[in-house]
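Subject: Handing over a structure

Hi there,

As promised, here is the structure for you to open alongside this note. Have a look at it first, and then read on for what turned up.

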Amino acid sequence: MLGVSKSSSADEIKKSYRKIAMQHHPDRNPGNKEAEEHFKEAAAAYESLSNPDKRAQYDRFGHAGMGNQGGGYGQGGMRMEDIFQNFGDIFGNDMFGNMFGGQGGGGRRQGTRGANLRIKLKMDYTEIANGANKKIKVKKHITCQQCSGSGARDRNAVQTCGTCQGSGQVRRVTSTFLGQMQTVTTCPTCNGEGMMITHKCANCKGEGRVYGEETLSLDIPAGVQDGMQLSMSGRGNAGERGGPPGDLLLLVEEEKHEFLTRHELDVVYQLHISFPDAVLGLQAEVPTIDGKAKIKIPAGTQSGKIFRLKGKGFPAFQSSYEKGDELIEVNVWSPQHLTHEERDMIEKLKNSPNFRPGPEAKAEREERGFFDKIKDVFGS
Ligand SMILES: [Zn+2]
Ligand SMILES: [Zn+2]
């Protein structure tokens, strides 16, 4: 399941688990039950292998030796809260430091979780290529400073719930045809919070949060793409009465570049040169994502020829080695208006044998065929 062997080190197992967990993480696969199952299975497998006793058992008996012992999580496998709580450290130091923060858990429920916050994030080509720190002002629910999110006027304004004695849960015994069954449900008096507020905080009216403005400082990794969604755990709206905050979901919007167009990891530039330059060759200056570059256009270059500046494209997302190129397509400009003098010169060239497409044109055409394929991919 984790793609590791019996000789794998603890570190390798951890790495492998992290990779799988990231891939199936609920934040990346909202509403996807299958991904959630994979996510849980991987956690259970990791939980077993990271425990020396269980690892020894696994090494001896393999998968069958593990039985149903999901590490005290019962037959239903692990609960999402437990996964985050127990393995939260593995997800730490991610893209954003705490992309997968723990969600708490336990019997007593905290206040309601804050809503996710969705914002659009404009990125230009330079920012995408290099990564960027963006400071964005957002309106959202912020923890009330007056009561530190408790919603109570002061410490004495909080009372333990009499119905559940603070546990947040009540037990109920019901008779069924199978006999007596005990069920545990959320306390209806306190809504599972285990306490009651007698005097609400005036600033937030007992909500524990206020609507306000916050400037977020976001480190955006290099290589993002238009339409990509980045998720930052716990950076969304504050929860009610100390409840966990929602997530911040960033939708990347690519800003158009004045001269360049993106095609996957490559950028494309349309270079227009004069007819004499195409014939005689030239040193041309072309814009790149980070500035400018010089390229040599050799004498006798045909219109439609594509030159490649290696590594001048975009880096792949979360990859340190994969990088695109800049592709420069040559367009030879035919003059639209001519003076009498110019017309005479061209007329003189017209019948010169070197200006007639010769047998080389066929070879050139075959070469063009290859580049035309690239052109198709651009959709131009
Ligand atoms: Zn209660
Ligand atoms: Zn307050």
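Let's begin with a zinc site: along the chain, the donors of the zinc ion (ligand 2) are spaced as C-x2-C-x53-C-x2-C. Donors here are N, O and S atoms within 2.8 Å of the metal (3.2 Å for Na, K and Ca), and since water is not among the atoms, sites may look incomplete. The coordinating atoms of ligand 2 are the SG atoms of Cys 144, Cys 147, Cys 201 and Cys 204, at 2.3 Å. Angles of 103 to 115 degrees among the four donor atoms make this site tetrahedral (for four donors, all angles between 85 and 135 degrees). Both Cys 144 and Cys 147 are buried; buried means under 20% relative accessible area, exposed over 50%, and partly exposed in between, with a 1.4 Å probe and protein chains only.

Before going further, a word on how to read all this. This is a predicted model, in which local features need pLDDT of at least 70 and side-chain atom pairs count only at pLDDT 80 or more, while totals for chains, interfaces and linings use all residues. Residues are numbered from 1 along each chain as its sequence is written, chains are lettered from A and ligands numbered from 1 in the order in which they are written, and side-chain values use heavy atoms, leaving out hydrogens and water.

Now to the other zinc ion. Ligand 1 has Cys 161, Cys 164, Cys 187 and Cys 190 as its protein donors, each through SG and lying 2.3 Å from the ion. Their spacing along the chain is C-x2-C-x22-C-x2-C. Strands are DSSP runs of E with at least two residues, numbered from the N terminus. Cys 164 is buried at 6% relative accessible area, and Cys 187 is buried at 1%. The arrangement around ligand 1 is tetrahedral because the four donor atoms subtend angles of 103 to 113 degrees.

Next, the strands. Strand 12 (residues 282–288) and strand 13 (residues 291–297) pair in the antiparallel sense over seven bridges; pairing requires that DSSP finds at least two bridges between two strands. With two residues between them, strands 12 and 13 form a hairpin, and Glu 285 stands opposite Lys 294 of strand 13. Elsewhere, three strands make an open sheet of mixed pairing, in the order 1-9-8. Its edge strands, each pairing on one side only, are strand 1 (117–123) and strand 8 (229–232).

Finally, the charged pairs. Searching the whole structure gives 13 salt bridges, meaning a side-chain nitrogen of Lys or Arg within 4 Å of a carboxyl oxygen of Asp or Glu. One of them joins Arg 308 and Asp 325, with the closest N and O atoms 2.8 Å apart. Arg 308 lies in strand 14 (residues 306–309) and Asp 325 in the loop between strand 14 and strand 15 (326–333), so this pair ties together parts that are 17 residues apart in sequence. Asp 325 also forms a salt bridge with Lys 310, at 3.7 Å between the closest N and O atoms. Asp 325 is buried at 6% relative accessible area, whereas Lys 310 is exposed at 69%.

Happy exploring!

Conventions
Four donors count as tetrahedral if all angles lie between 85 and 135 degrees; four count as square planar and six as octahedral if opposite donors are over 155 degrees apart and all others between 65 and 115; anything else is irregular. Helices (H or I, at least four residues) and strands (E, at least two) are DSSP runs, numbered from the N terminus.
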